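The sequence and the structure come first.

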Amino acid sequence: MHLKQFLIALLLGSALAAGLFLAMKSGTPAEVRSATVLPGAGELPDFSLIDQHGEDFNANAFRGQWDLVFFGFTHCPDICPTTLQTLAEVRRALVESGDENVPRIVLVSVDPERDTPEILSRYVNYFGAGNIGVTGELEQLRQLTSGLGIYFEKVNIEDANYGVDHSAAVLVIDPDGKFVALFSAPHRVDDYLHDLPIITAKY
Amino acid sequence: MRYLLIAATLLLALAACETESLPPLVAADVIVTEPVPGHRMSAAYLSLSNNSRNAIRINRVSSPNFGAVELHESSVEDGVAKMRPVEELVIAPNSKVALQPGGLHLMLMRPNADIDEVSLNFYQDTTLLLSVDTKITRRSN
Ligand SMILES: [Cu+2]
């Protein structure tokens, strides 16, 4: 008899403890599952490029809104359009859910030789209104990419054509123009929808 | 004797049906993306099944709708996205190879004006192995 009462008490006690644990857990902030959040927000290097309208685009252009920044080139038939399509879907889902921190999509061309503002403009618009395309002098581009740890290098694919190897990461820039997090490939819509609200909530 | 002949004919017909219903190389899930405005290239994705007992080698793909077609492979190595030409696609007996975004794909260059339907022809050297017809997939944004 004593044993039975003891067991019941034990059972009730553990149920209470489990309940308390769950209640506390739901109160703690959620963790990102795919993104890498930088321990300290990084300042952007000084650079001077142009956007798809030919207007100046420098570090100040990243102030005032959240940005998802991807480095790619428009003559890329597979990875770049696939990534931009993913980011466009993320944006659409955030807009539909009424999120207040919907980021812009910024494509920085690692092929300024072929990616003129006109070409970039048609390209980024194809993936949604409000997207930004950035191009300019190679030296200024290197200034930005090397400061962010972004790699790119031209490679020959066939005689008349060439490709550009480039970092596949998408950077998250906060409204102060600081580099706060990054997503590594492969890019999945669900990961962004899970992680972005956690990242933006920390701001 | 007459019955025997009929039976033999039926058997032959059945055998013919069987080989016809299972060609050695079969394509599925064919997607040809539309060229982005201002760009003279797009990509094709599909899966290729080898139903035969021999390996199938594809080393040339052509299309009447594009100036050039190349077999490419994209990959991400140490965080860097790359795309390289692939000389030959070998599909082992009774197996399937998927060409999909971020991996193997056909790069289609210099499209004809206003393409809607696309034909893709897969060859080993000069032997035509398979022809696939599909409509261009429009991206909806
Ligand atoms: Cu390619």
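## Helix packing and copper site

Helix α2(A) passes α5(A) in a right-handed crossing. The model is a predicted one. In chain A, α2 spans residues 79–96 and α5 spans residues 189–201, and their axes come within 9 Å and cross at roughly 45 degrees. Angles of 65 to 115 degrees count as roughly perpendicular and those under 35 degrees as roughly parallel; α2(A) is therefore oblique to α5(A).

The α2(A) side of the contact consists of T86(A), L87(A), E89(A), V90(A), A93(A) and L94(A), which meet V189(A), Y192(A), L193(A) and L196(A) of α5(A). By class, the residues of this contact are eight nonpolar, one polar and one charged.

Chain B holds the donors of the copper ion, at 2.1 to 2.3 Å:

| Residue | Donor atom |
|---|---|
| H72(B) | ND1 |
| M83(B) | SD |
| H105(B) | NE2 |

Along the chain these donors follow the spacing H-x10-M-x21-H. H72(B) lies in strand β5 (residues 66–77) of chain B and M83(B) in strand β6 (residues 80–85), eleven residues apart. Are these two residues, H72(B) and M83(B), buried or exposed? Both H72(B) and M83(B) are buried.

Of the 141 residues in chain B, 40% are buried. Among contacts in chain B with a separation of 6 or more, 66% join residues 24 or more positions apart.

Notes: Residues are numbered from 1 along each chain as its sequence is written. Chains are lettered from A and ligands numbered from 1 in the order in which they are written. This is a predicted model: local features need pLDDT of at least 70, side-chain atom pairs count only at pLDDT 80 or more; totals for chains, interfaces and linings use all residues. Side-chain values use heavy atoms; hydrogens and water are left out. Donors are N, O and S atoms within 2.8 Å of the metal (3.2 Å for Na, K and Ca); water is not among the atoms, so sites may look incomplete. Helices (H or I, at least four residues) and strands (E, at least two) are DSSP runs, numbered from the N terminus. Buried means under 20% relative accessible area, exposed over 50%, partly exposed in between (1.4 Å probe, protein chains only). Axes are lines fitted to C-alpha atoms, for helices over the stretch in contact, and angles run from 0 to 180 degrees between N-to-C directions. Angles under 35 degrees count as roughly parallel, over 145 as roughly antiparallel, 65 to 115 as roughly perpendicular and the rest as oblique. A crossing is left-handed if the near helix is turned anticlockwise from the far one by less than a right angle, and right-handed if clockwise. Contact means heavy atoms within 4.5 Å. Ala, Val, Leu, Ile, Met, Phe, Trp, Tyr, Cys and Pro count as nonpolar, Asp, Glu, Lys and Arg as charged, and the others, Gly among them, as polar.
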